[in-house]
Amino acid sequence: MSRVSEVLISKLIVETFSSRFAECLHLDVAIAGAGPSGMQAAIDLARQGLKVAVFERQLHVGGGIWGGGMLFPRIVVQEEAADMLRGLGIDLTPHEDGLYTADPVEAVSKTTAAALDAGATIWVGMAVEDVVIRENSRVAGVVTNWGAVELARLHVDPLALMAHCVIDATGHHAEITRRLLAKVAGARLCDGRETVPGEQPMWAEAGEAALVPNTREVYPGLVVAGMAANAVFAGPRMGAIFGGMFLSGRRAAEIAAQVVSREKMNA
Ligand code: 48H
């Protein structure tokens with residue numbers, strides 16, 4: 001029989017939060033955004049034994065998956081990503097032309113479970129508002145604040161966590177990459193540009209095809225994934241097809257693992 005006391009409830013929450021947060025002060029990879037690309041990257045990196053945390057501004061994970069297409073609760077996935085999703089236990093219904101449909105609730109739940117089971121930490125309600133920079137030439141961590149503080153526009157100073165690599169999986173706005181370019185004087189992306197052009201109008205096939213090639217280390221220590229990658233490299237949007245997001249997350253994990261090895265060698 002448990003003995004329930006208000007003080008003990010408060011103590012357990014504060015103490016276990018603090019110790020779990022303290023464990024994240026030195027990460028291998030910090031991922032901003034818990035949509036499909038960020039979660040797939042978290043699964044792959046954590047399965048390699050890397051220390052990974054995902055920071056999600058909203059109180060829920062899943063990003064754009066929940067809404068399916070215009071709130072119709074189905075997502076479309078193509079053949080190239082089908083095995084990855086089946087491997088997570090997500091049921092896929094086959095259709096013509098190598099396309100499948102899946103249930104958003106199942107897709108979010110099973111990717112989240114896989115990330116947690118692999119050892120990733122997922123923080124919800126916690127936004128990445130900035131990056132930690134070193135020598136004006138390398139991203140070295142993330143600056144976090146409560147999503148609610150952002151929403152209320154309160155002047156509350158943030159906390160910083162160090163990471164060998166940061167993945168910008170913030171979706172359409174590519175927030176982390178934009179923030180970096182806006183703040184670091186003279187910063188240029190890997191292709192020499194100083195601005196993020198944003199995604200292009202819808203062209204589903206081209207948008208999906210562009211996602212993996214656009215998944216790159218855009219600045220030392222900063223990798224872009226998912227819709228953010230198409231925003232940074234002017235790829236088209238694609239509507240409610242999600243295979244490319246999972247494939248981009250996988251590619252981001254491969255690149256991030258290389259960045260982590262490089263940074264550990266340089267340390
Ligand atoms: C913490 C943040 C921050 C921040 C944002 O939008 P997402 O689902 O991202 P992807 O790229 O994994 O998937 C894109 C897909 O959902 C989509 O939008 C598609 C297919 N669109 C096609 C079309 O034509 O419209 O998830 C990004 C997540 C969200 O949960 C945000 O709340 C979160 O990132 N986020 N979290 N700190 N600064 N910015």
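This is a predicted model: local features need pLDDT of at least 70, side-chain atom pairs count only at pLDDT 80 or more; totals for chains, interfaces and linings use all residues.
Strand E8 (residues 138–146) pairs with E7 in the antiparallel sense, over eight bridges. Within this pair, Val128 is opposite Thr144 in E8. E7 and E8 form a hairpin with three residues between the strands, and Glu135 there has a positive phi near 50 degrees.

E8 is also joined to E9 by four bridges, and these two strands run antiparallel. Val142 stands opposite Leu161 in E9.

## Parallel partners of E9

Strand E9 (residues 159–168) runs parallel to strand E1 (residues 26–32), with six bridges between them. Here Ala32 lies opposite Asp168 in E9. A further parallel pairing, over three bridges, links E9 to strand E11 (residues 222–224). Asp168 has Val224 as its bridge partner in E11.

In general, strands of a sheet pair through backbone hydrogen bonds, in either the parallel or the antiparallel sense.

The space taken by the ligand is the largest pocket. Helix H2 (36–47), strand E2 (52–56) and strand E7 (126–134) are the elements that give two or more residues to the shell around the ligand. The shell residues comprise 11 nonpolar, 11 polar and four charged. Of the 26 residues around the ligand, those that come nearest are Ser37, Glu56, Gly64, Met227 and Arg237.

## Backbone contacts to the ligand

Gly64, one of the nearest residues, has a polar backbone atom 2.8 Å from an oxygen atom of the ligand. For Gly239, a backbone N or O atom is likewise 2.8 Å from a ligand oxygen atom. Arg57 places a backbone N or O atom 3.1 Å from a nitrogen atom of the ligand. On its own the ligand has 790 Å² of accessible area, of which the protein covers 91%.

Note on methods:
Residues are numbered from 1 along each chain as its sequence is written. Side-chain values use heavy atoms; hydrogens and water are left out. A residue is near a molecule or strand if one of its heavy atoms lies within 4 Å of it. A polar contact is a pair of N or O atoms within 3.5 Å; within protein, one must be able to donate a hydrogen and the other to accept it, and residues adjacent in sequence count only if both atoms are side-chain atoms. Accessible areas come from the Shrake-Rupley method with a 1.4 Å probe; for residues, only the protein chains shown count as cover. On a 1 Å grid over the protein atoms alone, a cavity is a set of points where a 1.4 Å probe fits but cannot get out, and a pocket is an open set with protein on both sides within 12 Å along at least five of seven lines; lining residues have an atom within 4 Å of a point. A molecule sits in a cavity or pocket if more than half of its atoms lie within 2 Å of its grid points. Ala, Val, Leu, Ile, Met, Phe, Trp, Tyr, Cys and Pro count as nonpolar, Asp, Glu, Lys and Arg as charged, and the others, Gly among them, as polar. Two strands pair if DSSP finds at least two bridges between them.
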